[in-house]
Amino acid sequence: MKSLKAYCRELREKVVHDPLPPEDVAAGWALGMFVGCAIPFGLQLVVSVPLALMMRVSKVGATVGTLITNPVTIFFIYPAQTWLVNRLLFDGSLSFSRLVEVEWTWESVRKLGAEAMASFFLGGFFLAIVLTPITYCVVKRLVIRYRAFKKTK
């Protein structure tokens with residue numbers, strides 16, 4: 001089994017050696033980040049990969065970018081995005097401690113009520129709007145810098 005360091009190195013190589021222009025590599029990652037934030041866990045690849053194919057952007061980026069939400073991170077990200085939007089747009093009736101205790105299945109979120117569902121989805125879109133342009137800029141810069149560095153060697 002590969003070490004985490006070897007896996008990350010292999011992923012980096014796939015990203016920077018993608019034959020697409022840096023803008024398309026970054027757009028794929030940004031697409032994956034948007035889908036990873038805005039679409040509930042479990043449906044993300046079904047959305048991100050076809051979109052990446054249609055838009056002709058990095059499929060690797062669109063796939064890996066969705067990993068912002070994964071079986072480990074959803075237990076922090078989902079309660080945080082739901083709580084924040086609930087505080088900003090609603091009366092703040094959902095406590096963070098209560099949201100952390102939720103299993104984050106469709107059934108458990110549905111039982112929290114319509115306000116929680118609205119807070120969850122709006123929170124995902126809010127997070128997507130914040131992280132998508134950041135992802136695009138960072139990935140584009142990394143790809144350009146890495147490719148320039150490789151040319152000088």
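Before I read out the order of elements, one definition: helices here are DSSP runs of H or I, at least four residues long, numbered from the N terminus. With that in hand, the order from the N terminus is α-α-α-α-α-α-α-α. That is eight helices and zero strands. Keep in mind that this is a predicted model.

Now the chain as a whole. The C-alpha trace spans about 60 × 35 × 25 Å along its principal axes. The chain has 153 residues, and 37% of them are buried. It exposes about 9200 Å². Carbon and sulfur atoms supply 70% of that area. Next, contacts. Take those between residues at least 6 apart in sequence: 69% of them join residues at least 24 apart.

Let me zoom in on one helix pair. Two packed helices are described by the angle between their axes and the distance between the axes. Our pair is helix 2, residues 22–38, and helix 3, residues 44–55. Their axes come within 9 Å and cross at roughly 150 degrees. Angles over 145 degrees count as roughly antiparallel, so helix 2 is roughly antiparallel to helix 3. The crossing is right-handed.

Which residues in helix 2 meet helix 3? Leu 31, Val 35 and Gly 36. On the helix 3 side, they meet Gln 44, Val 47, Ser 48, Leu 51, Ala 52 and Met 55. And what is the make-up of this contact by class? Six residues are nonpolar, three are polar, and none is charged.

Conventions
Residues numbered from 1 in each chain as written. Predicted model: local features only at pLDDT ≥ 70, side-chain atom pairs only at ≥ 80, totals over all residues. Heavy atoms only, no water. Axes fitted to C-alpha atoms, helices over the stretch in contact; angles between N-to-C directions. Helix = DSSP H or I, 4+ residues; strand = E, 2+ residues; numbered from the N terminus. Parallel < 35°, antiparallel > 145°, perpendicular 65-115°, else oblique. Left-handed = near helix turned anticlockwise from the far one by under 90°. Contact = heavy atoms within 4.5 Å. Nonpolar A, V, L, I, M, F, W, Y, C, P; charged D, E, K, R; others polar. Buried < 20%, exposed > 50% of the residue type's maximum accessible area, 1.4 Å probe, protein only. Areas by Shrake-Rupley, 256 points an atom, 1.4 Å probe, with all protein chains shown as cover.
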